[in-house]
Amino acid sequence: MVKINFSAAQCVELPSKGAYRFVECHDGTSAYMLKALKPAYASRRACKALLHKEYELVKRMDSAWLPKYYAWEEESPYGCCIVEEYVAGETLKAFCDKEANMELHTQVAHQLAEALQALHGQHCLHGNLHSNNVRVMPDHSVRLLDIRLPQADDLQLPYAMRSYLAPEQLDGTIMLDVRADIYAFGKLLCLLGLEDNYAQVASRCCALGRSERYVDMGEVIAAMENNPLGERHGKWIWGIPAALGVLGIVIYFAIQLFSSQQTATESTQPTETLVAAHDSVHTAAAAKPNQTSQTTSADKAVSLTAQSSNTPTSEGQASVSPSGFNMTAVQEQMRTQLDAVYRPYFQATHLGTLEYRVLRSQVKKCYKSFISSLGTLTQAQRDAVDAAFGGYVKQLNAQLKEQHP
């Protein structure tokens, strides 16, 4: 157990934004990092409990990719805090600004992917992945700092780091999974200057709809390893350009032959999936956030339930409308509950920052209660419900902002 003599130690608080304060502490023989709550949050029991929960989680994981968490300190000059290993590496942003060797950038990207895979393998979501929370050590290994538990949504995040957050993380109305970290990883690939070498990987990682992203980091790593432009040692297979040229010619003539023989087009429309409806929530919101008259994903999700449950869906998924799961009834129940949450705010004469914060908290509670009431759902059903819930919340928020600009 590490015990710091604060009266003899030299402690320097580092500049930071958000809810946490970070203090570099030297006691003469060793260096430590203290993670504590800023005064505005220190008196909140929920924040203190969250910090202690993070300590217990990381200490139990004992991961080589994370700093060691040595002790929970109750009586420090900074209040309750975590005493953790001091990681002396440079931030990923500083590494990118200084290092021009793209082979090293590729090496760091692979290690970062492996670190996230290991973290997810221990059922832990980082949730706060950005350029300042990745440390590159002198041997170019990486360490991940400052994980963010899912319950920490109400704690302030630095504005500059919000670009690394997945759309569903910014929206705050659905439960997060590893695909939120995968989104941030795609952003870090771009920071490393590898968006050209790994164009398809970065694009799929950063898809607005989370069901369009990779399922886990194992898929990401496989895609990176199978990309000849982004091999770990930067090797190029010189025969590929010629082979692709020949293949392109063959495909072109095959398409022309097929087109000439086709005499009629199919009359049926391709089946859409409820998972696609979920993704359109974030895509539509990003493209046209102020158009409330546009058909929402929630409405699209309901209309899709009228299709036959025997129709196959994309990506080999089973139908999401088996007997016993009535999406229309689910949506009616969902709208009733959300209408009850929003009604007082529509009736209010004025809404300020505090009122909107309380509303957001109530929506989260409503979502969790609503999901719990539905019992066990398949992943496709859960995506459909998330799409309906998120779409209706966006619609209500847009109407509320029109009434209270």
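Trainee: How do H12 and H14 pack in this predicted model?
Mentor: Helix H12 (residues 327-347) meets helix H14 (residues 379-403) at an angle of about 30°, and their axes are 10 Å apart. Axes here are lines fitted to C-alpha atoms, for helices over the stretch in contact, with angles from 0 to 180 degrees between N-to-C directions. As for ground rules, residues are numbered from 1 along each chain as its sequence is written. Local features need pLDDT of at least 70, side-chain atom pairs count only at pLDDT 80 or more, totals for chains, interfaces and linings use all residues, and side-chain values use heavy atoms, leaving out hydrogens and water.

Trainee: Why is H12 called roughly parallel to H14?
Mentor: Angles under 35 degrees count as roughly parallel, over 145 as roughly antiparallel, 65 to 115 as roughly perpendicular and the rest as oblique. The angle is about 30°, so H12 is roughly parallel to H14.

Trainee: Which residues of H12 and H14 make the contact?
Mentor: Contact means heavy atoms within 4.5 Å. Among them are Met 327, Val 330 and Tyr 342 of H12, plus Ala 384, Phe 389 and Gln 403 of H14.

Trainee: Which residues of H4 and H8 make their contact?
Mentor: The contact includes Ala 109, His 110 and Leu 116 of H4, with Met 217, Gly 218 and Ile 221 of H8.

Conventions: Helix = DSSP H or I, 4+ residues; strand = E, 2+ residues; numbered from the N terminus.
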